[in-house]
Amino acid sequence: MTTSPVASQSTFAVLIEVSAERARQDIRWGRQDHADGTGPDEANQVRFCVTASEAADFACWRTDLAARHDGPTFADILTEEFYEALAETDPAALRTELLQVAAVAVCWIEALDRRTESARQPGFAAGDVVRDRGTGEVLTVTGDPAQWDPRYYEPADTSAGEGIG
């Protein structure tokens, strides 16, 4: 049996299952870009729970409540999945829950990477004044700022008295 220097064949098989779970999440929920909900001063949501089952129930309730109001954080979602896994005794159900834990963690990492990538890439915000690099026309960014590619537009120098033409 050939092995990869990165991961074993059994690891790859599990990662394929995690990827499939990620695809199911995207189909069900769409792209997830929640707040993290982390930090040293964040409340420990399950601090008064005694058993893993109580913690799973509370975390589920908390995530559902957040979904009806300001939206759950990744910490809410991962906490729910984690405690659901800890409350399982059936190996097949535990395995399913652990795949969900792994997929939520991957989803969270993807969201962090999107934030980091968008912070690194030059871009524009709605209302920015830009110049078309080809025509020299000065325009105001409207609609989805991602459509205003910096290869074709540059910031216009409005301090020099350029107006929108």
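Helices here are DSSP runs of H or I with at least four residues, strands are DSSP runs of E with at least two, and both are numbered from the N terminus. By that rule the protein chain has four helices and three strands. Their order from the N terminus is α-α-α-α-β-β-β.

The model is predicted: local features need pLDDT of at least 70, side-chain atom pairs count only at pLDDT 80 or more, and totals for chains, interfaces and linings use all residues. Residues are numbered from 1 along each chain as its sequence is written, and side-chain values use heavy atoms, with hydrogens and water left out.

**Chain totals**

The protein chain has 165 residues, and 27% of them count as buried. Buried means under 20% relative accessible area, exposed means over 50%, and partly exposed lies in between (1.4 Å probe, protein chains only). Accessible areas come from the Shrake-Rupley method with a 1.4 Å probe; for residues, only the protein chains shown count as cover. A contact is heavy atoms within 4.5 Å. Of the contacts between residues at least 6 apart in sequence, 54% join residues at least 24 apart.

**The sheet**

Three strands form an open sheet in the order S2-S1-S3, with antiparallel pairing. Strands S2 (138-140) and S3 (153-155) are the edges; each has a single partner strand, so one side of each lacks a neighbour in the sheet. Neighbouring strands are turned by 40° against each other on average, direction ignored. The axes are lines fitted to C-alpha atoms, for helices over the stretch in contact, and angles run from 0 to 180 degrees between N-to-C directions. Two strands pair if DSSP finds at least two bridges between them. S1 (residues 129-132) and S3 pair through three bridges, in the antiparallel sense. Valine 130 has proline 155 of S3 as its bridge partner.

**Salt bridges**

A salt bridge is a side-chain nitrogen of Lys or Arg within 4 Å of a carboxyl oxygen of Asp or Glu. The structure holds 10 of them. The table lists some.

| Pair | N to O distance |
|---|---|
| Arginine 95 – glutamate 17 | 2.6 Å |
| Arginine 22 – aspartate 26 | 3.2 Å |
| Arginine 114 – aspartate 33 | 2.7 Å |

Arginine 95 pairs with glutamate 17. This pair links distant parts of the chain: arginine 95 is in helix H4 (residues 91-120) and glutamate 17 in helix H1, 78 residues apart. Arginine 95 is partly exposed, at 40% relative accessibility. Glutamate 17 is also partly exposed, at 29%.

Arginine 22 and aspartate 26 are four residues apart in helix H1, so about one helical turn separates them. Arginine 22 is buried at 7% relative accessibility. Aspartate 26 is partly exposed at 34%.

Arginine 114 and aspartate 33 meet in a salt bridge. Arginine 114 lies in H4 and aspartate 33 in the loop between H1 and helix H2 (52-68), so the pair ties together parts 81 residues apart in sequence. Arginine 114 is partly exposed at 25%, and aspartate 33 is partly exposed at 42%. Shared partners also join Arg22, Asp26 and Glu110 into one salt-bridge network.

**A nonpolar patch**

Val6, Phe12 and Leu15 make a nonpolar surface patch of about 310 Å². Patches are made of residues with over 30% relative accessible area and no salt bridge; like charges are joined within 9 Å, nonpolar side chains (Val, Leu, Ile, Met, Phe, Trp, Tyr) within 5 Å. Valine 6 sits in the segment before helix H1 (9-29). Its relative accessibility is 73%, so valine 6 counts as exposed.
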